[in-house]
Number of protein chains: 2
Amino acid sequence: MCNQCNYKELLVEADLEPTEKRLRVLEIIGNNAFPLSVSDIHDTLDRSKSINRVTVYRILDLLVEKELVDRISTGGRASYYGLAPNEFHQAHPHFYCKICGRMDCLSPETVSVQMTGFLKNFPGRIDKLELRLDGVCKNCLKQ
Amino acid sequence: MCNQCNYKELLVEADLEPTEKRLRVLEIIGNNAFPLSVSDIHDTLDRSKSINRVTVYRILDLLVEKELVDRISTGGRASYYGLAPNEFHQAHPHFYCKICGRMDCLSPETVSVQMTGFLKNFPGRIDKLELRLDGVCKNCLKQ
DNA sequence: ATTTATATTGCAATAGAGTTGCATAAATAA
DNA sequence: TTATTTATGCAACTCTATTGCAATATAAAT
């Protein structure tokens with residue numbers, strides 16, 4: 001979620017033509033408080049303006065490749081998409097409810113990860129750290 | 001990976017009939033140094049004794065449900081399976097190479113995660129923490 | 001030991017998520 | 001305007017996983 005990002009600018013800076021559909025996909029992701037699945041995004045977009053599933057996949061691939069968006073794995077089958085960390089928002093962990101399938105963002109301070117020693121010695125390249133908590137959310141616990 | 005686990009005992013303690021196939025699936029996972037995909041497991045098992053894909057899926061579901069085995073998500077599409085933490089092995093993070101798709105276990109000390117404050121206040125239930133590093137492994141970096 | 005019940009496995013068909021190839025449309029450059 | 005490149009759509013397909021039901025095998029009861 002971001003109130004400060006200029007999405008069109010982000011696209012241009014990433015060397016992507018700021019087409020209507022790309023902009024809409026990025027906005028939907030950026031304006032949402034939690035990561036969305038492809039079908040979430042497709043459904044939202046399709047409500048206002050018809051768009052093909054494949055186009056959504058391709059736009060997401062581009063946005064992930066250009067690091068504007070993060071692909072986040074769930075305890076379930078589909079990937080979720082959220083705005084990538086930038087000057088306005090830090091990386092943060094997520095909580096996945098295995099009952100309702102909803103994924104929430106946790107604030108960056110909830111969990112502190114320390115791994116400098118490891119990073120110094122690791123012979124490969126690390127691009128990304130993903131930290132996810134799986135469980136049952138407050139609402140689903142009630143039932 | 002475990003040299004101390006008695007797999008048959010683990011099954012019985014978990015209230016699962018220790019059938020030949022269940023035992024073999026659990027052994028294959030337990031004897032391996034890194035998490036395996038369903039097709040890794042199926043191929044290995046099929047070499048010695050024919051087994052149906054679906055049976056492997058079902059056995060894995062059971063083992064995960066009974067918490068003998070952990071289902072670990074990759075940056076890719078398939079789930080991987082590794083021995084669940086128990087008295088002989090602690091929970092640990094994983095490294096996933098996005099080029100060759102190989103998943104490695106990292107030793108538990110490489111990364112320290114601190115989140116007691118968060119856990120105290122969280123209104124839902126947390127069952128599991130998954131920490132994964134994505135990147136490119138040493139071998140794939142060379143090419 | 002034979003029958004009955006229950007639990008496990010196999011097989012075929014299906015679902016869901018994501019990808020590919022090629023055609024069409026839109027945008028940029030010449 | 002025409003040519004070229006880029007973006008989108010459509011259909012078919014792949015891969016991973018699941019479901020329903022039939023066939024076996026195992027355990028329980030008589």
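Helix 4 of chain B gives the most to the surface near DNA strand C, with four residues; helices (H or I, at least four residues) and strands (E, at least two) are taken as DSSP runs, numbered from the N terminus. The model is predicted: local features need pLDDT of at least 70 and side-chain atom pairs count only at pLDDT 80 or more, whereas totals for chains, interfaces and linings use all residues. Residues are numbered from 1 along each chain as its sequence is written, and chains are lettered from A and ligands numbered from 1 in the order in which they are written.

In total, 21 residues surround DNA strand C, the closest being Glu17(B), Thr19(B), Lys21(B), Asn52(B) and Thr55(B). A residue is near a molecule or strand if its C-beta atom, placed from the backbone, lies within 6 Å of it. At least two residues of this surface are supplied by each of helix 3 (38–48) and helix 4 of chain A and helix 2 (20–31) and helix 4 of chain B. Divided by class, the surface near DNA strand C holds eight nonpolar, six polar and seven charged residues. In this division Ala, Val, Leu, Ile, Met, Phe, Trp, Tyr, Cys and Pro count as nonpolar, Asp, Glu, Lys and Arg as charged, and the others, Gly among them, as polar.

Around DNA strand D there are 20 residues, of which Glu17(A), Thr19(A), Lys21(A), Asn52(A) and Thr55(A) come nearest. Two or more residues of the surface near DNA strand D are given by helix 2 (20–31) and helix 4 (53–65) of chain A, together with helix 3 (38–48) and helix 4 (53–65) of chain B. The most, four residues, comes from helix 4 of chain A.

The relation between the protein chains was examined next. Two copies of a chain are related by a rotation about an axis and a shift along it. Here, a rotation of 180° with 0.0 Å of shift along its axis superposes chain A on chain B, with an RMSD of 0.1 Å. The two copies are thus related as by a two-fold rotation axis. The superposition is by least squares on the C-alpha atoms of residues with pLDDT of at least 70 in both copies.

Between the chains, 28 residues of chain A are in contact with 27 residues of chain B, where contact requires that the C-beta atoms of two residues, placed from the backbone, lie within 7 Å. On the side of chain A that touches chain B, strand 6 (112–114), strand 7 (125–136) and helix 6 (138–142) of chain A are the elements that give two or more residues. Strand 7 of chain A provides the largest share, twelve residues. This side of chain A comprises 13 nonpolar, eight polar and seven charged residues. Of the interface residues of chain A, 96% are also interface residues in chain B, so the copies meet through the same surface.

Strand pairing also links the chains. Strand 6 of chain A and strand 6 (residues 112–114) of chain B pair in the antiparallel sense over three bridges, pairing being assigned if DSSP finds at least two bridges between two strands. Within this pair, Ser112(A) stands opposite Gln114(B). An open sheet of six strands, with mixed pairing, has the order 5(A)-4(A)-7(A)-7(B)-4(B)-5(B). Its edge strands are strand 5 (103–105) of chain A and strand 5 (103–105) of chain B, each of which pairs on one side only. In chain B, strand 4 (residues 94–97) and strand 7 (residues 125–136) run parallel and are joined by four bridges. Phe95(B) has Leu133(B) in strand 7 of chain B as its bridge partner.

Individual residues complete the description. Asp15(A), in the loop between helix 1 (7–13) and helix 2 of chain A, has a positive phi near 70° in a residue other than glycine. Asp15(A) counts as exposed, with 8 C-beta neighbours inside 10 Å; a residue is buried if 20 or more other C-beta atoms lie within 10 Å of its own, exposed if 12 or fewer, and partly exposed in between, with C-beta atoms placed from the backbone. Glu67(B), in the loop between helix 4 and strand 2 (69–73) of chain B, likewise has a positive phi, near 65°. Glu67(B) is partly exposed, with 13 other C-beta atoms within 10 Å. Asp70(B), found in strand 2 of chain B, counts as buried, with 20 C-beta neighbours inside 10 Å.
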